[in-house]
Amino acid sequence: MIVPYEVVDRRRVLAAGGLLGLSAVLARAAPTYAWTQENQALPGPKLAAGEVRSYDLEIDDCRLMIDGRAGKAMAINGTVPGPLLRFREGEEAVIRVTNRLKEIASIHWHGILLPPDMDGVPGVSFGGIAPGETFTYRFPLLQSGTYWCHSHSGGQELLGVYAPFVIDPVEPDPVTFDRDYVVLMSDWSFEAPEEIIANLKKQAGYYNYQKRALADLVRDARANGWSATLKERLSWSKMRMDPTDFADVTGYTYTYLINGLTSDANWTGLFRPGERVRLRFIAAGAMTYFDVRIPGLKMTVVQADGQNIQPLDVDEFRIAPGETFDVIVEPENRAYTLMAETMDRSGFARGTLAPRAGMTAPIPQRRPRPIRTMADMGMDMGSMDMGAGEAAMGDMPGMSGTAAPSPPVMDMSGHQMQNMGAAAEEVCADIAAKLKEAQSGMTDMTSTGGGMGAMGAMADMSSSAKDARFPHGSDTHGVGNSSIAMVAKNRLNEPGSGFDTENSRVLVYEDLRSVVPQTDLRAPAREIELHITGNMDRYSWSFDGKKYSEARAPIAFRYGERLRMVFVNDTMMEHPIHLHGMWMELENGGGANQPRKHTVSVKPAERLTVAITADAPGQWAMHCHLLLHMEMGMFRVVEVSSPV
Amino acid sequence: MRFAFPLLAVMFVLPTGLQAQATGAQDAGEPMSMPMPSLGETLQVEPDTAPNAAAHAKSMPLPSQAEPDDAPAPTIPTMSMPERAPSQPAEPQPVTEPAMTGLNSTTLPNVQDRSGWPEPTADSANYSFLVTELLEYRESRAAGAVRWDIYGWYGGDVNRLWVKTEGLQDVSGPGGGEQEGQLLYGRLISPFFDFQAGVRFAHRSGPGSNQSRTYAAIGVQGVAPYRYSLEPTLFISQDGKISMRATATYDQQLSQRLILQPRFEFDAAVQKDRSFGVGSGLNKTELGLRLRYEVKREFAPYVGVSWTQSYGSTKRLARADGEDISLVSIVAGVRMWF
C-alpha cells in the first residue's frame with residue numbers, strides 16, 4: 001500500500017490564514033509549508049509492515065511570482081521550493097521523478113547515505129533523467145534529521161528545483177518541541193543561469209555594487225590618516241584583489257526567499273506562546289551565505305546537517321549553501337522577525353514568527369558590508385615578527401580601513417608567481433623556520449602544499465595547536481589560481497566577517513559537538529590535501545589549480561579506511577565543500593564527539609581538516625556548493641573501492 | 001580603408017552569433033539518444049549476493065592501521081564497524097572485469113555503461129567577449145575625428161582567439177586616418193596575463209596615397225600589480241621592420257558607477273617606414289583621461305580629454321604630411337561590451 005504525504009486542505013487554510021503569501025498561493029507556486037497555518041505537513045503515520053512511503057515528483061517549467069513580477073523558473077510539482085518530502089528513519093524511500101523539461105534533469109538527495117547509483121549526479125551516479133523519462137529512486141533511510149534535495153543538472157538548482165527532505169527519527173527525538181517548521185532560504189534571479197555565468201566570465205566583479213570608491217577613501221583617510229589609508233589601498237591593489245569581494249552574485253540581481261516567499265510576501269510561522277518551536281533552517285541559495293538571526297529571540301541550535309549536536313545557545317548563525325541547522329526557540333506572545341541577511345549585506349530574506357496571522361515585527365536595521373582582512377589573504381602570521389616591526393593582525397571584524405601591515409616578503413604578483421621556484425622555497429623555508437621558533441614545544445606541524453605528513457589524531461587540540469600556522473609550499477597551482485594563502489590556519493573559532501561579536505553570540509564550528517559519540521574512533525591513517533583555488537578574473541574555480549575537466553581521475557579511497565582530508569583555502573572567499581555519500585567528521589577538537597557534516601564551509605586562508613570513514617563503495621561527487629563555482633570546475637569525484 | 005569597415009561589421013556581428021553559441025553550449029544537457037533503463041530493476045538483490053552482504057556486515061577485513069595508541073587523543077582502539085555496513089540491501093552485482101584503482105583494489109562502478117553520460121560540470125564551455133574600450137568622437141582645433149579601440153575574445157579559460165581593431169579616422173576635413181585589425185591566438189601564461197601571437201593588418205589613408213602593411217604581432221595583455229591593464233605588443237612588418245605599441249589603463253572607482261580612467265599609449269619603431277609615416281625611435285604618445293558612467297555594466301558613456309604628441313622623425317614626417325604633431329581633443333564616446 002502506498003501512503004501519500006499529508007496535504008492540508010486549501011480552502012480551510014485560505015479561510016484561516018492571513019493575507020500573507022496570498023499572491024504566491026493564488027499563483028499555485030508556493031508549497032504547503034509556505035502558507036500561514038498552524039501546522040506544516042506533519043510526520044506521516046507509521047507504516048505497517050510491507051508498506052512503502054512513496055512520492056511522485058515532476059520537474060517542469062513553471063512561472064514564479066516574485067513581488068508581482070513573473071519569472072521563468074523550474075519547479076518540483078509546480079512549487080518553488082518543491083513539496084516537503086517527509087519520511088521515517090528505517091523506511092525505504094521510493095521516489096519516482098518524472099522529467100517534463102526539454103533537458104536532462106536529476107535530483108540529488110543532499111546528505112543522505114544511499115547506494116551510489118541513487119545519488120542523482122549526472123555523469124557520476126547515472127546518466128541523468130532524460131526528458132520525458134521517469135526514474136525511480138529507491139533507497140533505505142539509515143539516518144534521521146533535516147536534509148534537502150535539489151537538481152544536480154546545470155542551473156536547475158538556481159531556477160527552483162529544490163525541496164526539503166525531513167526524516168523523523170525512529171527513536172524518540174532527543175529534542176523536544178511542540179511544533180516544527182521548515183525554513184528553506186534560497187535566492188532567485190530573473191536572469192538565467194547562463195546569463196549570470198556569462199556576465200561573470202566577462203567581468204568578474206559584475207554584481208559587486210559595494211566596491212570601495214572615493215567616498216570610502218575620504219572617510220577612511222579622515223579616520224586613519226592619508227598615509228595609512230593609501231598604504232592599505234595600495235596593498236590590496238598590488239595583489240589585484242578586491243577586499244569587498246564577498247559574494248559573486250549579489251542582491252543586485254537576487255531576490256532572497258524564505259520558503260519561496262519574498263520579504264514582502266512574508267512567510268509566517270504561527271505558534272502558541274510558551275511553545276517550543278523547532279525551525280529547520282535549510283540553506284538552498286545557490287550562491288548565497290545567509291546570516292540568520294531573530295531579533296529578541298535566542299536560538300538553541302540542536303542539529304547541524306541533520307545530526308544532533310549538543311545544544312548551543314546563539315543569537316545568530318551563518319549558514320552556507322547546502323548546510324542545515326535546526327534550532328529551538330521559545331517565543332513569547334508577540335511577533336518576531338526572522339532575518340536572513342546575506343553575508344555581503346547586499347540583500348536579505350525575511351519571515352515572521354507570530355502567535356496570530358497578520359502580525360509583523362519591525363525589520364532590523366541593515367548592517368554595513370564587511371571587508372576582507374589580511375587574515376583572509378593568508379597574511380596572518382600570528383606572533384611572528386615580520387621585519388617591519390608591525391604586529392600582525394588577527395581577524396578584524398568591522399574594519400573600516402585601519403592600516404594593514406606591510407605585505408610580507410613574498411610578492412603575490414602574477415609574473416613573480418610564475419617564477420616561484422627557488423625564491424619561494426627560500427622564503428617559505430624562512431617562514432617555516434620562524435614558525436618553528438615561535439611555536440617551540442610543538443611537534444613539527446608544517447606541511448607543504450600537496451604533502452602528506454603523518455599527522456596523528458588531533459582530537460584535543462591544545463591552544464598552541466589551534467594557533468598553528470601552515471605556510472604554503474612553493475606550488476602556486478598554475479594559471480588556474482590567482483592567489484595563495486601564504487599562511488593558512490585553523491579558523492574554526494571564528495564566526496566570519498561582519499558580526500558584532502562583542503554584543504551577540506554567533507555560532508562557530510569549534511563549538512559543534514555531536515550528541516552521540518562517533519563510532520569509528522580510529523586515528524586517520526593517511527591524509528589527502530586539497531587546495532581550494534580559483535582565478536577570480538577568469539571566473540574559473542578549481543582544486544589545486546585544476547578544474548574537473550583537467551583532473552578527471554577520481555580520488556581513490558580504500559573501502560573501510562579512515563583518512564583525513566585537509567582543505568586549504570587559497571582563495572579569499574568562503575567555500576562550502578560538500579562530499580556525497582559519506583560523512584565528514586569535522587576535526588574541531590571535539591574528540592569522540594566531533595560533529596559529522598556533509599557540508600563544511602572553509603574560510604579564506606583556512607586549513608580545515610575532516611576525518612572520513614570510507615564506508616560507501618562507489619563514485620561520489622565532492623565539490624563546492626556554490627553552484628557556479630562547481631559548474632566552473634571546483635568539482636572532483638571520490639571513488640571508494642568495493643569491499644574485498 | 002577597404003577592409004576596415006567590413007572588418008568592423010564582422011567584429012560586431014560575429015560575437016553576437018558566438019554569444020548565442022556560447023549560451024547554447026551551456027545548456028544543462030544534451031537530449032539523450034538512448035532510452036534510460038529503469039534502474040530499479042538492476043537493484044534487485046540477487047539471492048546469492050545477499051549472504052555475502054550479511055557476511056560483510058559481520059567481519060569487515062579492514063586494513064590494519066599504522067598508528068596505534070600513542071596518539072594523545074582518546075582513540076579507543078576498537079575496530080568498530082562503520083555504522084552503515086549492515087544495511088546495504090541493494091548492492092549491485094559486481095562486474096566481471098572490475099576497474100583497478102590506484103590502491104590496487106577493485107572498484108564497483110555504479111552502472112556498467114557510462115558512455116553517453118553528461119558532464120557533471122560545465123567547466124569547458126566557450127564564451128565570447130567584445131568591448132569597445134574606446135569608441136569616441138574627438139573634437140579639437142583640427143578636424144573632428146572618430147577614434148576606436150575595440151577588442152574581444154572567444155574561447156575558454158586558457159586558450160582564446162582574440163580580435164582587436166583600432167584606429168583614428170577624420171570625419172570632417174580631408175578624411176585621412178589610420179586603421180588596423182589584429183587576429184591573435186591567446187593563452188593564459190600567468191594568472192593575470194595572456195600571451196598573444198598573430199597577425200596585424202594596418203592601413204593608412206591620407207592626403208597622399210593609401211598604404212597597407214601586414215605584420216606579425218606578438219605580445220601580452222593583462223592586469224599588472226596595482227591594477228594597471230597593460231597591453232604591450234611587438235610587430236614585425238612584412239619587410240622585417242620592427243615596431244611596438246604599449247597601452248596602459250587604470251580604473252579609479254569614484255562611485256559605484258562613475259569611473260575615472262587615465263590611459264597612456266605609445267608607439268615606437270626600430271626602423272623607419274617613411275611611406276607609412278613611421279620614424280625610428282619613439283613615434284607618438286597618446287595620453288587621455290576619461291570619465292565613464294556605467295548605466296549598466298555593459299553600457300557606459302564617457303567624456304574625456306586626450307592629448308596626442310608626435311616625436312622625432314615621426315614628427316617631421318607628420319609635419320611634412322600636413323598632420324598635427326601635438327593635439328589636445330575633447331572626447332565623448334561610449335564603452336560597451338557584449
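This is a predicted model: local features need pLDDT of at least 70, side-chain atom pairs count only at pLDDT 80 or more; totals for chains, interfaces and linings use all residues.
Chain A has a mean pLDDT of 85, and 82% of its residues reach 70 or more.

**Helix α5**

- Helix α5 of chain A spans residues 214–224, and its buried residues are A:Asp216, A:Leu217, A:Asp220 and A:Ala221.
- Those four sit on the same side of α5(A), because they cover an arc of only 130 degrees around the axis.
- Look at the face turned away from that buried side and you'll find the exposed residues A:Ala215, A:Arg222 and A:Ala223.
- Part of what covers the buried residues of α5(A) is another helix of chain A, α6 (226–239).

**A:Gly358 and its loop**

- You'll find A:Gly358 in the loop of chain A that runs between β19 (348–354) and α7 (414–418).
- A:Gly358 counts as partly exposed because its relative accessibility is 46%, and the range for that label lies between 20% and 50%.
- A:Gly358 and A:Thr36 are 322 residues apart in sequence, yet their C-alpha atoms are 9.0 Å apart in space.

**Where to be careful**

- Over residues 384–428 of chain A, pLDDT stays under 50; the model has 86 contacts beyond four places in sequence for this stretch.
- Residues 438–463 of chain A also have pLDDT under 50 throughout, and here the model has 52 contacts beyond four places in sequence.

Methods: Residues are numbered from 1 along each chain as its sequence is written. Chains are lettered from A and ligands numbered from 1 in the order in which they are written. Side-chain values use heavy atoms; hydrogens and water are left out. Helices (H or I, at least four residues) and strands (E, at least two) are DSSP runs, numbered from the N terminus. Buried means under 20% relative accessible area, exposed over 50%, partly exposed in between (1.4 Å probe, protein chains only). The arc is that of the directions from the helix axis to the C-beta atoms. Contact means heavy atoms within 4.5 Å. pLDDT is the predictor's confidence in each residue, from 0 to 100.
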